[in-house]
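Dear colleague,

I am passing on the structure we spoke about, and I would be glad if you could look through it with the notes below beside you.

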Amino acid sequence: MTDSTVRPGAGHAWGHYQTLRFLLPLPHPVDRVWQAVATPEGLPGWLAAAEVLEPRLGGAVTLRCLSGGGLPEDAAVVTGRVTAWDVWRVAEYTVAPYHGRVRFHLEPTGPDATALRFTNEFKGGAAMRLDALAGWHQHFEYLLEALDGRAPDWSTWTLDRWRQLRDAYAAG
């Protein structure tokens, strides 16, 4: 069973741009993690429905949030391009309007272990950085569950856990 805790991510400002980073050591092989973070079949189990995902550099991507309530209507669907693609290693999407560059970098750390290095770069202020840190943290909790065969029930999703995480990030 997976350690159900996600280590806190880090966020830094560079002028009007924000950079978020998470490191997730996962007790799953690279191919299993890749399926979760870079395929239309895997993404809905923890992040969003991939209505379009062309698995190639320059390919189109459209992700639709499955968690429902509490999001601005224009944040529920994001579109963009695949800006890096190296099968089993790097999947990167640059999407609008809010999320910017989203990069998943996988490194095998053993036969059944993977380090997932996540980076998110976007334009926004400190409040948006806290929002995104909390959101990604919560989604990575879902990723751990999905990799263990327990995908979230999106119909029961609320903002409660997100608020708790955001408060923790704000407290530093």
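Rings of Phe, Tyr and Trp, the last taken by its six-membered ring, are paired here if their centres lie within 6.5 Å. Please keep in mind that this is a predicted model. By that rule the count comes to 13 aromatic pairs. Among these, Trp-34 and Trp-85 form an edge-to-face pair, with 5.1 Å from centre to centre and 65° between the planes. Because Trp-34 lies in helix 1 and Trp-85 in strand 5 (residues 77-86), this pair ties together parts that are 51 residues apart in sequence. Trp-34 counts as buried at 4% relative accessibility, and Trp-85 counts as buried at 19%, the cut-off for that class being under 20%.

Trp-34 also forms an aromatic pair with Trp-88, which is tilted, at 6.2 Å centre to centre and 55° between the planes. This second pair likewise links distant parts of the chain, since Trp-88 sits in the loop between strand 5 and strand 6 (90-96), 54 residues away from Trp-34 in helix 1. Trp-88 itself is partly exposed, with a relative accessible area of 41%.

Turning to helix 1 (residues 30-38), its buried residues are Val-30, Val-33, Trp-34, Ala-36, Val-37 and Ala-38. They cover an arc of only 165° around the axis, and therefore lie on the same side of helix 1. In general, an α-helix has 3.6 residues a turn, so residues three or four places apart point the same way.

Finally, one aromatic cluster is formed by Phe-22, Trp-46, Tyr-93, Phe-104, Phe-118, Trp-136 and Phe-140.

How values were computed
Residues are numbered from 1 along each chain as its sequence is written. This is a predicted model: local features need pLDDT of at least 70, side-chain atom pairs count only at pLDDT 80 or more; totals for chains, interfaces and linings use all residues. Side-chain values use heavy atoms; hydrogens and water are left out. Buried means under 20% relative accessible area, exposed over 50%, partly exposed in between (1.4 Å probe, protein chains only). Helices (H or I, at least four residues) and strands (E, at least two) are DSSP runs, numbered from the N terminus. The arc is that of the directions from the helix axis to the C-beta atoms. Rings of Phe, Tyr and Trp (its six-membered ring) pair if their centres lie within 6.5 Å; planes under 30 degrees apart count as stacked, over 60 as edge-to-face and the rest as tilted.
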